[in-house]
Amino acid sequence: MLIVPEREIANLMTRSAAFDAVESVFAAMASKNAYNFPVIREAIGHEDALYGFKGGFDKQGMTLGLKAGGYWPNNLEKHGVINHQSTIFLFDPDTGMVKAMVGGNLLTALRTAAASSVSIKHLARKDAKVMGMVGAGHQATFQLRAALEQRPFEKVIGWNYHPEMLPNIEKVANEAGVPFEAVELDGMVEADVVISITSTFEPTVMAKHISPGTHIACMGTDTKGKQEVEVALLGKATVFTDEVAQSVTIGEAQHAIYNHMIRPENIVQIGEVINGTHEGRTSDDEITLFDGTGVGLQDLAVAASVVELAVKNGVAIEVDF
């Protein structure tokens, strides 16, 4: 069995490699060559933690495995480590034998940012100039770095529940040579692309905040009950997602389905656009919305890529199992 420790990931995995892995697996999902297993996510009754498993099988890439981990809200304060913790396990599809154990914390951040970045590539207007960020936490910095590589953005605008955190994304914008402006939510109407990356259970982004022609990626809703945007926005938009089954149960679409704003058959897998079996955006006035729920196959795709790089660079640890 190969082990790729968390400490090695930053020197191995690039945003470009994460993008390619996620785009490829989304395409495989849409062509029925890869599928996710049902998600398990439970409150364990200790340290207020949520723990679970996401897994799947990519027949096209011959990747089988799972990610185990979750959210420990007291970690940073009590132990000085990040609150999200995960490890990815890969298995040989031919034998079932374990192949690799990979640190999943940085990979989770990179694959989540890659997913919204893929949606921007395939759904945002080509002339998009203003990038909007709703949220300014740790994950938002990954989201913005990846997004800025997809269009020649001329400005970044940002809003956060805690304004004192906005320098996190201002720094990323400045590093990319793009000016930054803090705005109120009403100011998001200026944005051509919006990424919402919050952990709220009440809608933050309303339909009135999003202008015609905007592409919005909703990346924070991955649990039953969470909600980032008003259901009316999904009713106005063409809705895309990583996986429809997750979108309607734990993603942003769960609320729009419940309120009869959309139906499951109205939601399009982003992989169909990648494969060319769906046209994607059809006009400059169309609002497109990507419901990024986070699927296990994303984790497996980036983990398989990083294992390959670790072997190539001689940093994979081999142990008997």
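Predicted model: local features only at pLDDT ≥ 70, side-chain atom pairs only at ≥ 80, totals over all residues.
Helix α5 spans residues 138–147 and is mostly covered, with eight of its ten residues buried. The buried positions are Q139, A140, T141, F142, Q143, L144, A146 and A147.

The helical partners are α2 (15–30), α4 (105–123) and α6 (167–175). The strands in contact with them are β8 (130–134), β9 (155–159) and β11 (193–196).

## The crossing of α2 and α11

Helix α2, one of the elements against which α5 packs, also meets helix α11, which covers residues 296–312. The axes of the two helices come within 9 Å and cross at roughly 135°. Because of this angle, α2 counts as oblique to α11. The crossing is right-handed.

On the α2 side, the contact is made by A17, A18, A21, V22, V25, F26 and M29. Helix α11 contributes L297, Q298, A301, V302 and S305. Ten of the residues in this contact are nonpolar and two are polar, while none is charged.

Side chains of opposite charge can pair when their charged atoms come close. The structure holds twelve salt bridges. In one of them, the side chains of R111 and D299 meet at 2.8 Å, N to O. This pair links distant parts of the chain, since R111 lies in helix α4 and D299 in helix α11, 188 residues apart.

Both partners are shielded from the surface by the criterion of under 20% relative accessible area. R111 has a relative accessible area of 5% and is therefore buried. D299 is buried as well, because its value is 0%.

## Further salt bridges and a network

Another salt bridge joins the side chains of R125 and D127, at 2.9 Å from N to O.

With 56% relative accessibility, E265 counts as exposed. Elsewhere, salt bridges that share partners join K67, R111 and D299 into one network. The link between R111 in α4 and D299 in α11 thus belongs to a network that also takes in K67.

Terms used: Residues numbered from 1 in each chain as written. Heavy atoms only, no water. Buried < 20%, exposed > 50% of the residue type's maximum accessible area, 1.4 Å probe, protein only. Helix = DSSP H or I, 4+ residues; strand = E, 2+ residues; numbered from the N terminus. Contact = heavy atoms within 4.5 Å. Axes fitted to C-alpha atoms, helices over the stretch in contact; angles between N-to-C directions. Parallel < 35°, antiparallel > 145°, perpendicular 65-115°, else oblique. Left-handed = near helix turned anticlockwise from the far one by under 90°. Nonpolar A, V, L, I, M, F, W, Y, C, P; charged D, E, K, R; others polar. Salt bridge = Lys/Arg side-chain N within 4 Å of Asp/Glu carboxyl O.
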